[in-house]
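Dear colleague,

I am handing over the structure we spoke about, and I would be glad if you could look through it alongside the notes that come after it.

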Amino acid sequence: AAHSSVLGARGFCKRRRSERSSHPSTPKPARGSGKRPRPEEHPPGQPRWQEIRAEGLSCDYRLLFGKAEADEILQQLEEQVEYFEGEMTKVHVFGKWHHIPRKQVTYGDPDLTYTYSGVTFSPKPWIPVLNRIRERVTSDTGHTFNFVVINRYKDGEDHIGEHRDDERELVPRSPIASVSFGACRDFVFRHCASRGKNATCRIKPIKLQLAHGSLLMMKYPTNVYWYHSLPPRKRVLAPRVNLTFRKLMAIAKK
DNA sequence: AGGTAGGCAAGCAC
DNA sequence: GGTGCTTGCCTACC
C-alpha cells in the first residue's frame, strides 16, 4: 500500500524536451507521445523492442511487466530481498573506504562468485520472486542467467558512478539483463574514448530512462566500450530496485 | 539548486 | 617495472 502512491506517480518519467538526449540515432525509450509500449496495451505493428544503437553499443529496451504485475513484484522484492550489511556495504578504492551510496546484494547459483572493486561476493541462494523475474527474462530473450546483482536506490540521492561490469568472470559475449522496479531513473552511457580531459573523441553520452517493470538488455560489445552510471536525481523521492542478471563462468579466472 | 565534468586519492594486475 | 585501471567525493562551473 505504501508503494501505490509512489508508483502511480508516472510524472517521474516525463521529461522536458530540453532535457532530452540530442543523440541523433538514439531512440527515446520509456517516453514519447503517449505511445509508451506497455505490455497490457500492445498495438499491433508496434515494435516489441526498442533498439538502442551507437558505435560499439547495442542495447534493447522494453517493458517486461505491466504495472500491476510490476507493483506486485516490487512489493515482494522489498519484503524478501536481504541486502548485504556491515563490511560488505563499503568499497576500498585508492586507499580509502567509502560507504556505497545504495544497498547491494548478490543472489545466484552456489559456488559462483562476483568481484566488485576488489571484494569478492558469494551469492545468496535463489528465492522465488527472483526466479520469477529470471524466468520471464529467459522466456522473452532466450538467454539464461545464473547470477543477479541487486542494487537498491532508496531515493534520488542514492546513485552509482561510472563503471563497466567486470568482464573477466562473465561468459564471453553474454548479455546482461537489467530489470528495474520503482522510481524511473535516468541511466547514462558514456563512450570510454570520450571521457576525461584527454578524450580522443567526442561521442555524446546516451541517456535513457529506466521505467518501472522495464528490461534493458545490454549486449556485446556495449560493456567493452561504454561506461554506464545512475546519476543522482535530487527530485526523485521514491526507491528504485534494479536487478542485473548475468551469466558467470563456473570457474573464476584469476 | 541541480546537473555535469574534471581532478584526486593508493594499490593491484599484467 | 611501468602502465593502465579502479569508485566515490569534492569542487568548480554552468
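This is a predicted model: local features need pLDDT of at least 70, side-chain atom pairs count only at pLDDT 80 or more; totals for chains, interfaces and linings use all residues.

DNA strand C is surrounded by 17 residues, of which the closest are Val93, Phe94, Arg102, Tyr116 and Tyr227. Of the atoms of DNA strand C that lie within 4 Å of the protein, 62% belong to sugar or phosphate, while the rest belong to bases.

Phosphate oxygens of DNA strand C lie 2.8 Å from an N or O atom in the side chain of Arg102, 2.8 Å from a polar side-chain atom of Tyr227, and 3.5 Å from a polar backbone atom of Gly161. The elements that give two or more residues to the surface near the strand are β3 (90-93), β4 (96-99) and β9 (160-163), and β9 gives the most, with 4 residues. By residue type, this surface divides into 8 nonpolar, 6 polar and 3 charged residues.

An unreviewed UniProt entry places the feature "binding site" at several positions, including Tyr116 and Asp166. Tyr116 lies in strand β6 (residues 114-116) and is buried, because its relative accessible area of 19% is under the 20% cut-off. Beyond its neighbours within four places in sequence, Tyr116 is in contact with Val91, Arg102, Gln104, Phe121 and Ile160.

Asp166, by contrast, is found in the loop between β9 and β10 (176-182). Setting aside its neighbours within four places in sequence, Asp166 is in contact with Tyr114 and Thr115, and its side chain makes a polar contact with the side chain of Arg168 at 3.0 Å.

With best wishes

Note on methods:
Residues are numbered from 1 along each chain as its sequence is written. Chains are lettered from A and ligands numbered from 1 in the order in which they are written. Side-chain values use heavy atoms; hydrogens and water are left out. A residue is near a molecule or strand if one of its heavy atoms lies within 4 Å of it. A polar contact is a pair of N or O atoms within 3.5 Å; within protein, one must be able to donate a hydrogen and the other to accept it, and residues adjacent in sequence count only if both atoms are side-chain atoms. Ala, Val, Leu, Ile, Met, Phe, Trp, Tyr, Cys and Pro count as nonpolar, Asp, Glu, Lys and Arg as charged, and the others, Gly among them, as polar. UniProt positions are given in the numbering used here, feature names are shortened, and annotations may be inferred rather than shown by experiment. Buried means under 20% relative accessible area, exposed over 50%, partly exposed in between (1.4 Å probe, protein chains only). Contact means heavy atoms within 4.5 Å.
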